[in-house]
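Please look at the sequence and the model first.

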Amino acid sequence: MSILLDSAALEGRRAIARGSLAPLARGLRAELAPVLAGDIEIPREKALLSRTGGRCPYDGTLLRFDPLDARHVCPVCGSEVRGELHDRFRPYWYQLWLAERVLHASVLGVLLDDVECIEAAWRVLDGYADRYLDYPNRDNVLGPSRPFFSTYLESIWLLQLVLAVDLLETASPSAQRGARVRDRIVEPSVRLIASYDEGISNRQVWNDAAMLAAGVLLDDERLIDHAIDGESGLRVLLTRALLADGSWYEGENYHLFAHRGLWYLVTMAERIGRPPETSLGRRFDDGFAAPFRTVLPDLTYPSRRDSQYAVSVRQPRFAESCELGLARHDDPRLVGMLARLYDSSVPARDTGRRASTADVERNLSATGLTRADLSWRSLLFARSSLPPLELHPLASDLLPAQGFGIIRREGGRCFVGLDYGRSGGGHGHPDRLNLLLSDGDVRWFDDPGTGSYVDESLHW
């Protein structure tokens with residue numbers, strides 16, 4: 001049984017992957033070239049988090065990640081740095097990148113009947129089955145993990161592999177290979193994940209998603225029940241962490257990350273016949289539009305709470321969120337946002353998809369986008385064709401549960417925001433009464449955001 005789609009729906013996606021979304025399928029396959037050629041190596045050491053590793057010593061910027069180039073280069077100042085701590089941080093990105101490529105290869109293999117993709121996916125899974133239990137469960141930061149330093153990262157990684165195995169077995173059943181992956185990766189990994197509950201947290205969303213996917217793959221009802229109805233399971237998260245206005249309680253910076261994890265959970269729960277209650281389902285659907293309600297005139301997010309500064313929505317993951325929302329229900333707000341994101345007059349830059357690291361976000365500069373820039377999720381779920389993309393005006397708005405009110409004038413060019421609401425939990429700051437004012441691209445009153453979790457400004 002496919003975890004995400006039944007056999008009839010999966011068959012229907014084949015025609016779409018060869019038809020209207022063929023440019024997306026071709027682009028994803030081209031980016032698989034190093035995996036198909038075997039030009040990859042599974043890291044032998046687990047990732048290590050340190051104050052030094054992965055950041056430029058001169059300006060604190062996260063160092064570039066290029067899956068095919070192991071040099072540590074600052075994208076801002078161009079400096080190349082060396083050292084063991086940087087080398088040990090790199091597997092964090094690389095493991096997530098590689099797991100996502102296994103899933104890419106599996107999706108393309110199934111939809112395109114591509115034997116080369118299918119064999120490449122199994123080959124990496126075989127390698128992980130050899131390697132996983134050799135990673136030590138130590139030097140962790142947030143919960144137990146073998147390849148990483150935090151449980152939620154292993155959850156994201158495992159989720160990619162479980163979905164890959166499930167898809168591969170619908171196309172090319174391999175009892176011996178599948179059993180080995182279950183025994184040497186899925187079973188021990190999900191036991192670690194289930195042992196560490198992070199409560200009402202964006203990270204727990206991913207722990208639940210991994211447990212639900214693994215539970216279905218392993219036919220383990222206890223894992224399924226834990227992920228859906230546990231003390232920090234799907235229903236509790238939709239009730240307590242996703243607020244009545246559809247926004248995630250920790251703010252915009254965590255909304256899309258958490259909501260994408262909820263998308264996996266809701267999709268899988270619906271697939272196995274255990275969907276959330278209708279009211280919670282509506283709240284989840286409102287979550288696709290919620291983060292766009294607060295955007296500034298230049299289409300960046302307010303830098304509230306633990307947020308990086310001026311993150312643009314002109315990135316593939318924001319367009320894909322709109323696409324996945326529209327696949328579930330009509331919403332003129334999502335259509336209007338896609339009209340902005342798919343504006344052909346906006347110059348196209350590097351989208352970063354070639355080096356994407358599964359569901360862990362890495363912000364890049366704004367870029368023009370098309371449907372060909374999306375991910376495997378759109379190949380499986382996006383509409384074959386979109387409705388006419390007409391702008392939906394960005395008007396004055398209020399998110400009462402989040403505690404953010406916005407007055408917009410002059411077609412959205414003038415923006416006044418009052419951030420007055422709830423704390424946002426551990427990622428909130430004690431400055432709960434902020435005024436923001438922008439006139440187009442000019443920011444008069446602003447929030448500088450939080451550069452990193454070790455920056456002094458975090459505690460202002």
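Q: Leaving aside its neighbours within four places in sequence, which residues is R371 in contact with?
A: This is a predicted model, in which local features need pLDDT of at least 70 and side-chain atom pairs count only at pLDDT 80 or more, while totals for chains, interfaces and linings use all residues. Residues are numbered from 1 along each chain as its sequence is written, and side-chain values use heavy atoms, with hydrogens and water left out. Contact means heavy atoms within 4.5 Å. With neighbours within four places in sequence set aside, the contacts of R371 are L21, L24, E323, Y342, A382, R383, S384, S385 and L386.

Q: Is R371 buried or exposed?
A: R371 sits in the loop between α14 (332-341) and α15 (376-381); helices (H or I, at least four residues) and strands (E, at least two) are DSSP runs, numbered from the N terminus. Buried means under 20% relative accessible area, exposed over 50%, and partly exposed in between (1.4 Å probe, protein chains only). The relative accessible area of R371 is 16%, so R371 is buried.

Q: Which side chain does a polar contact join to that of R371?
A: A polar contact is a pair of N or O atoms within 3.5 Å; within protein, one must be able to donate a hydrogen and the other to accept it, and residues adjacent in sequence count only if both atoms are side-chain atoms. For the side chain of R371, such a contact has a length of 2.9 Å, and the partner is E323.

Q: On which residue is the kink in helix α7 centred?
A: The bend at a residue is the angle between axes fitted to the seven residues ending there and the seven starting there. Buried residues of α7 include G178, V181, R182 and I185, and the buried residues of this helix pack against α5 (115-131), α6 (151-171), α8 (202-218) and α9 (221-229). Helix α7 spans residues 175-194 and has a kink of about 40°, centred on R182.

Q: Why is the pair of F89 and Y92 classed as it is?
A: Rings of Phe, Tyr and Trp (its six-membered ring) pair if their centres lie within 6.5 Å; planes under 30 degrees apart count as stacked, over 60 as edge-to-face and the rest as tilted. F89 and Y92 lie three residues apart in helix α4, about one turn of the helix, and both are buried. Their ring centres are 5.2 Å apart and their planes are at 70°, so the pair is edge-to-face.

Q: Which residues do ring pairs link into a cluster?
A: The structure holds 17 aromatic pairs. W263 and Y264 are both buried. The cluster linked by ring pairs consists of Y152, W206, F257, W263, Y264, W376 and F381.

Q: How many bridges join β4 to strand β5?
A: Two strands pair if DSSP finds at least two bridges between them. Strand β3 (residues 397-399) runs antiparallel to β4 (residues 404-409), with three bridges. β4 and β5 form a hairpin with four residues between them, and the bridge partner of R409 in β5 is C414. Strand β5 covers residues 414-419 and runs antiparallel to β4, and the bridges that join them number six.

Q: What is the relative accessibility of A121?
A: A121 is found in helix α5. A121 and A105 are 16 residues apart in sequence and 5.7 Å apart in space, C-alpha to C-alpha. A121 counts as buried because its relative accessibility is 1%.

Q: What is the relative accessible area of D113?
A: D113 lies in the loop between α4 and α5. Its phi is near 50°, a positive value in a residue other than glycine. D113 is partly exposed, and its relative accessible area is 49%.
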